[in-house]
Amino acid sequence: MVALRRLAAARVSTLLGTAVALSGCAMSGTLAPRGPDAQVAAGIWWYMFWLGTAIFVGWLAIFVVAMVRRHPIDADVEDERRLHQRFIVGGGIILPCLVFATLFVYDLWGINALPRGDEVVVDATAYQFWWEFGYEQPELVTANELYIPTGTDVEVRLRTDDVIHSFWVPQLSGKRDMIPGRTNTLTLHATEPGRYLGECTEFCGLQHANMRFEVVAVPPDEYHAWLDDMVQPAVEPSTAAEQRGYDAFMTSSCAACHVVRGTPADGRVGPDLTHFASRRWLGAGAAPNDRAHLGSWVVNAQVLKPGNTMPPVEIAADRLADLLTYLESLE
Amino acid sequence: MSILDPATDSAQQVKHRLERTWSDRTGTPGFFSSVDHKRIGHRYLVTSFVFFLLGGIEALMMRTQLATPDAAVLDPDLYNRMLTMHGTTMFFLFLGTIIAAWGNYIIPLAIGARDMAYPRMNALSYWVFLFAGIFLYSSFFVGAIPDGGWFAYVPLTTDYSEGPAMDFWALGVVFVGISSTVGAINFIVTVFKMRAPGMTMSRLPLVVWSTLTTSFMIVLSFPAITLAPLLMAFDRIVGTHFFDAALGGDPLLWQHLFWFWGHPIVYIVFLPPIGWLYMIIPTFTGRPVAGYTWAVAATVATGFISFGVWVHHMFATGLPDVTASFFSVASLGVSFPTAVAFFVFTATLWTARRIRWTAAMLWAVGALISFAIGGITGVMVAIMPFDWQAHDTYFVVAHLHYVLVAGNVLPMFAAFHYWLPKVTGWMLDERLGKISFWVTTVGLHLLFFPQHWLGLVGMPRRVYTYPSGLGWDTANLASTVGAYLFAGGVLIAIGNFFLSRRRAVPAGPNPWGAGTLEWATTSPVAPYNFAQIPVVTDRYPLWTADGGVVDVPVGIEPQPGGVVLAPEEHHHETLETVGLDARYGGVLEMVGPSPWPLWTAASTFLAFFGFLIHNAITLGIGVVAVAGSLIGWHKGHISGEDAS
């Protein structure tokens with residue numbers, strides 16, 4: 001057990017890095033938009049970047065000249081005053097007016113250009129420190145991976161179960177807070193299939209850093225196939241080891257906190273595990289979902305993600321192996 | 001009031017009498033009862049700088065943890081506590097108090113006054129600041145360091161926070177707010193009533209204008225930061241539900257109250273430093289500031305607009321677009337006065353005959369150039385579709401640090417090089433000053449510039465770690481190297497201070513040939529500031545009209561027939577002036593030294609401590625002690641000697 005933990009801790013960094021790099025999700029945020037909302041923001045950013053650079057460089061050039069040059073010692077005071085006036089009115093009033101006018105128009109245009117549709121509606125609920133996603137048709141709950149169809153306006157209804165969180169998928173759209181007592185909405189629209197990094201961006205406590213999710217955008221037919229898969233109850237144990245793992249799950253503390261649809265496990269504290277093995281990450285992006293990390297996570301989730309809600313589990317080594325086998329079967 | 005009679009009083013006798021009248025008592029009682037604005041300003045400087053170093057150490061700890069992905073230098077718990085204390089320390093115990101420090105020292109001198117209008121309140125505001133700082137930092141000794149982030153969003157800081165950590169924060173913030181409010185009221189009255197005769201509002205040095213503006217901003221905005229944490233403390237300690245959504249409260253109420261203070265405070269902490277630059281740059285260009293009226297208008301306008309922009313911290317909370325658009329426009333509006341200020345400086349330099357590149361000038365110009373970057377990114381985050389991306393990422397971290405470091409910290413070093421000779425009587429070393437400038441500035445840009453990029457590629461702020469493979473590693477490492485470089489620059493500046501102190505090259509009254517009144521005093525300044533209260537006829541009284549420098553009237557020698565106010569009875573007398581044109585309004589008899597401000601602050605500490613430990617008896621004793629101290633304070637109101 002100790003060895004397992006050490007192994008997990010030692011390998012987490014390299015594994016996670018490799019996994020992310022290999023996963024093909026181009027996680028370059030705002031600058032690599034894959035949806036109309038992010039596209040608008042990126043467009044405004046580049047406009048402001050060039051405008052801001054031009055203004056900064058232009059002003060700095062004047063400023064440097066001002067520092068280097070020597071004003072004639074016998075300059076007329078009135079001329080000087082007029083010169084000052086021209087500087088201040090030109091740079092302090094006219095220049096900001098021009099910037100202001102173009103930017104404000106861009107601002108308002110941008111707000112109105114954002115997608116607002118709700119062809120598909122999903123619920124996103126934030127918990128310290130993970131995400132639950134709910135679909136209505138068919139009714140279905142999953143965690144930390146949000147599947148959406150490409151080319152479709154997906155309205156995400158944002159709620160929180162505890163503190164304030166913020167929902168951000170940089171490549172698809174801006175962020176929106178999840179505030180107790182309120183439901184905010186945000187429209188996601190992915191133009192291309194892909195896996196997009198999602199993050200919590202409001203400081204929400206100890207593990208704010210490890211509160212990520214993935215938006216998986218797939219073509220609509222694949223999306224519907226996925227829904228059909230997901231709505232199925234968990235697979236029955238098919239081998240002796242899986243059966244022993246199933247027993248271990250149902251008789252230990254696991255079942256008190258997690259749902260596995262089609263079994264007696266109906267705890268609502270942690271993520272729904274019905275199709276756990278189909279996910280790529282453990283603990284909302286804390287570690288990749290492989291056997292070594294899963295083992296470490298089950299024995300003591302506080303090692304990989306200190307401060308999350310899952311308590312250490314007392315379990316014998318052979319039972320642990322069976323439990324992991326069962327969990328890995330939950331495709 | 002006495003009129004100098006050349007037949008009986010020599011100038012020396014008058015000075016001797018003033019010296020005896022205005023000096024603090026010696027020894028410990030003198031130390032604790034001083035109400036001299038210079039001594040208080042000195043204490044403010046030292047205390048604020050110590051907190052600057054503490055906040056800096058916390059920042060270095062965070063940067064060390066973030067230097068590499070998946071680092072384990074700090075555990076998440078300690079990291080979150082350091083991030084909370086870094087923001088809290090910098091805002092409440094450094095940025096907001098360093099302006100009070102220089103304000104205290106410079107404002108009375110620059111307007112030709114002998115002290116602040118309320119000397120004892122001035123002492124109170126310092127002692128309260130000190131005790132509030134001790135209160136906040138005592139959390140380190142009981143292992144309950146605040147951990148909810150410096151803007152302490154509910155309900156993370158109420159229902160989801162255990163132990164007394166956030167009680168320390170909430171009560172500490174209310175506590176330190178008292179200090180700022182008391183100080184601001186004092187500045188306002190000082191500027192309106194204590195200016196030397198003839199110092200009309202249009203002759204007011206710009207640093208005084210900016211301090212006056214921020215003082216009004218403090219008076220209007222600090223009630224929000226007193227109320228909000230108090231409500232938080234009630235929610236936490238008494239069990240009320242102001243912010244509890246489940247019981248009809250509203251977590252957004254916290255954000256509105258917090259940012260109603262939280263945005264003005266940003267301008268509060270950079271307007272006075274811009275005021276310092278308004279003093280420093282004209283001195284070294286040897287010319288009056290260009291467009292004085294524009295500069296005043298820009299300063300005051302910034303103060304006004306600052307109250308209409310707080311919602312730009314809340315664009316992502318899901319407010320209606322129309323509401324948010326209003327604040328987006330207002331935020332863009334700030335670019336007008338800021339641009340005016342920048343072109344005032346540009347025009348001033350443009351018509352300079354010869355610029356003297358002293359260390360102070362270098363720091364000042366460096367501050368302006370760096371600040372411009374923060375100003376430009378500030379316009380960017382006012383645009384909502386972009387802000388929804390940039391908000392709460394490292395882009396905003398970069399933006400706010402550019403504004404605050406270039407808008408407050410760099411000007412602070414400029415001010416040290418410029419005014420410290422006045423405070424201490426000796427010069428800081430120029431060469432070391434310039435070296436520390438370059439090291440700090442290069443560090444600053446290496447530290448914060450890559451963070452813009454980090455934010456754009458998706459790094460959220462306030463994360464204690466990040467995985468590798470996201471392309472964040474190099475920029476984070478560069479940022480950390482920059483942080484150490486910056487710290488190195490600060491260390492060189494500190495070394496400069498101690499080295500220069502040992503060398504003690506005498507400064508003389510006006511080492512820079514500056515034009516404003518603070519340079520008409522001796523260095524260090526005599527306890528009474530001015531032997532004879534000067535009569536002001538010009539914006540730069542020490543410069544002649546053609547821009548040259550005239551002989552400095554050291555200490556303003558008492559002239560026969562002039563107003564000297566050196567009564568035999570050792571009362572603290574000074575002049576009161578009235579109206580915008582500072583007409584002679586009579587003689588003010590000021591209160592003298594008193595230990596009661598210290599006792600009031602200490603009793604307040606006791607009361608807050610009682611609240612903190614949920615002990616009504618301690619709280620009660622504290623409140624009674626505050627009342628008792630105030631009675632003692634006012635009993636011997638007229639004469640300093642009676643008040644002890």
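This is a predicted model: local features need pLDDT of at least 70, side-chain atom pairs count only at pLDDT 80 or more; totals for chains, interfaces and linings use all residues.
Trainee: Where do I start with two chains, and how many residues of chain B are in contact with chain A?

Mentor: Start with the general idea: the size of an interface is often given as the accessible area lost when the parts come together. Here we count residues in contact instead, and 70 residues of chain B are in contact with 76 residues of chain A.

Trainee: Which helices of chain B supply at least two residues each of the side that touches chain A?

Mentor: Helices H4 (76-110), H8 (251-285), H10 (321-333), H11 (335-350), H12 (359-381) and H13 (384-390) of chain B do. H11(B) gives the largest share of that side, with 11 residues.

Trainee: What is the make-up of this side by class?

Mentor: The side of chain B that touches chain A has 43 nonpolar, 18 polar and nine charged residues.

Trainee: How do I read the packing of a helix pair, such as H2(A) with H12(B)?

Mentor: Look at the angle and at the distance between the axes. Helix H2 (residues 36-68) of chain A packs with H12(B) at an angle of about 155 degrees, and their axes are 10 Å apart. Angles over 145 degrees count as roughly antiparallel, so H2(A) and H12(B) are roughly antiparallel to each other. The crossing of H2(A) with H12(B) is right-handed.

Trainee: Which residues make the contact?

Mentor: From H2(A) come A:Met48, A:Gly52, A:Ile55, A:Phe56, A:Trp59 and A:Leu60. H12(B) brings B:Ile369, B:Ala372, B:Ile373, B:Ile376 and B:Met380. By class, this contact has 10 nonpolar residues, one polar and no charged.

Trainee: What are the domains of chain A?

Mentor: The domain assignment gives domain 1 (2-28 + 233-329), domain 2 (33-113) and domain 3 (120-231). The C-alpha centres of domain 2 and domain 3 of chain A are separated by 39 Å. Seven residues of domain 2 of chain A are in contact with 12 residues of domain 3 of chain A. On the domain 2 side, four are nonpolar, one is polar and two are charged.

Trainee: How is chain B divided?

Mentor: Chain B has domain 1 (18-503) and domain 2 (596-643), with C-alpha centres 29 Å apart. Between these domains of chain B, 15 residues of domain 1 are in contact with 13 residues of domain 2. Helices H5 (119-137), H6 (165-193) and H7 (206-238) of chain B each supply at least two residues of the domain 1 side. Its largest share, seven residues, comes from H5(B).

Trainee: What classes of residue does that domain 1 side of chain B have?

Mentor: The side of domain 1 of chain B that touches domain 2 of chain B has 13 nonpolar, no polar and two charged residues.

Definitions and conventions
Residues are numbered from 1 along each chain as its sequence is written. Chains are lettered from A and ligands numbered from 1 in the order in which they are written. Helices (H or I, at least four residues) and strands (E, at least two) are DSSP runs, numbered from the N terminus. Ala, Val, Leu, Ile, Met, Phe, Trp, Tyr, Cys and Pro count as nonpolar, Asp, Glu, Lys and Arg as charged, and the others, Gly among them, as polar. Domain bounds come from an automatic or database domain assignment. Axes are lines fitted to C-alpha atoms, for helices over the stretch in contact, and angles run from 0 to 180 degrees between N-to-C directions. Angles under 35 degrees count as roughly parallel, over 145 as roughly antiparallel, 65 to 115 as roughly perpendicular and the rest as oblique. A crossing is left-handed if the near helix is turned anticlockwise from the far one by less than a right angle, and right-handed if clockwise.
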